[in-house]
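Me: I would like to go through the labels used for this model and ask what each one rests on. Please set each value against its definition.

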Amino acid sequence: MEDGMDGGTAGEVRRFGDEGWVGIERHGFVAELVMDRPKAMNAVSTAMADALAQACAELAADRSVRAVVLTSTHERAFCVGADLKERNSFTDADLMRQRPHTRAAYTGVLELPVPTIAAVHGFALGGGFELALACDLIVADGSAVVGLPEVSVGVIPGGGGTQLLPRRVGAARAAELVFTARRVPAAEAAELGLVDQLVATGEDRAEALALAARIARHSPVGLRAAKRALRLGHGLDLRAGLEVEDGAWRSVAFSGDRAEGVAAFNEKRQPDWPGE
């Protein structure tokens, strides 16, 4: 069995929301967070947002999860962003009432405490691309088309795009992409750093799960602390960032995982992580 994939049984999908548009499938220590609203290309409606937030809350609380892969069942889309058909019927008050729901969905993905990978194919636009940006890594196949077109419909990227994109590609490049609202094909997206790994068409999910499995071989305590240090330290000056790193180091230095890791290294065997 592949390393990192032996922490449980794969196959069963736990569904969230009344419509079941979001699911979690376990692959051992890897959890696959599945978007499955095919008739709407995974457009994020209020109900879809609630389901995403609920699923993320469950994943965040599950200490057996070491990595998460965000995927789509739609063959031509990862996620096309906000459900504009639903929003077309909204009053201003409706839109304001929806805002906490959508923010909870995007924040839920962003604040998952373990490494997260988006497996992107087809359209990942607006809020769909923001869900990918909320992940630590993005694996995209040759069919992927990404972008933040919100200004073309009179709004701005509101799922983290104005903050996450410049952290990936720099302020000027992010400004160009947001202001022009242009769609970026897979090859250019990889060249610009909008995605991290470009794979053959149809292989995004498999490659992302394989990458997650490699990650999940390692200490769950170490992975969570490393992610925390990376996220909290980004953008700080060096001295402040090193203090963040020191705090994360102290949280793992006396853990059972650290003791097991050192023992396994010296005994020339694979570690059996206690996860504490």
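Reply: Buried means under 20% relative accessible area, exposed means over 50%, and partly exposed lies in between (1.4 Å probe, protein chains only). Helices (H or I, at least four residues) and strands (E, at least two) are DSSP runs, numbered from the N terminus. This is a predicted model, in which local features need pLDDT of at least 70 and side-chain atom pairs count only at pLDDT 80 or more, while totals for chains, interfaces and linings use all residues. Residues are numbered from 1 along each chain as its sequence is written, and side-chain values use heavy atoms, with hydrogens and water left out.

Me: What makes strand β4 largely enclosed by the rest of the structure?

Reply: 6 of the 6 residues of β4 (residues 67–72) are buried, so the strand is largely enclosed. Both of its faces are covered: Ala67, Val69 and Thr71 are buried on one side, and Val68, Leu70 and Ser72 on the other.

Me: Which strands pair with β4, and over how many bridges?

Reply: Two strands pair if DSSP finds at least two bridges between them. Strand β3 (residues 30–35) pairs with β4 in the parallel sense over 6 bridges, and valine 34 stands opposite threonine 71 in β4. Strand β6 (residues 116–120) runs parallel to β4 and is joined to it by 3 bridges; threonine 116 in β6 is the bridge partner of valine 68. Strands of a sheet pair through backbone hydrogen bonds, either parallel or antiparallel.

Me: Why is the unit of β3, helix α1 and β4 called right-handed?

Reply: A crossover is right-handed if, with the strands pointing away from the viewer, the path from the first strand over the helix to the second runs clockwise. β3, α1 (residues 46–61) and β4 make a β-α-β unit of this hand.

Me: What makes β5 and β10 edge strands?

Reply: An open sheet of 4 strands has the order β5-β7-β9-β10, with mixed pairing. β5 (77–79) and β10 (184–185) each pair on one side only. The partner of β5 is strand β7 (residues 123–125), in the parallel sense over 2 bridges. One of the contacts sets cysteine 79 against alanine 124 in β7.

Me: How do you know that lysine 227 and aspartate 136 form a salt bridge?

Reply: A salt bridge is a side-chain nitrogen of Lys or Arg within 4 Å of a carboxyl oxygen of Asp or Glu. The N to O distance here is 2.9 Å, so the pair meets the criterion. The partners are 91 residues apart, with lysine 227 in helix α9 (residues 220–233) and aspartate 136 in the loop between α4 (127–133) and β8 (137–141). Lysine 227 has a relative accessible area of 6% and is therefore buried, whereas aspartate 136, at 27%, is partly exposed.

Me: Why are arginine 173 and glutamate 176 separated by about one helical turn?

Reply: Because they are 3 residues apart in helix α6 (residues 171–180). Arginine 173 is partly exposed at 35% relative accessibility, and glutamate 176 is partly exposed at 26%. Both belong to a network of salt bridges that links Arg173, Glu176, Arg182 and Glu188.

Me: How many salt bridges does the structure hold?

Reply: The structure holds 15. Among them is the pair of glutamate 267 and arginine 269, at 2.6 Å, N to O.
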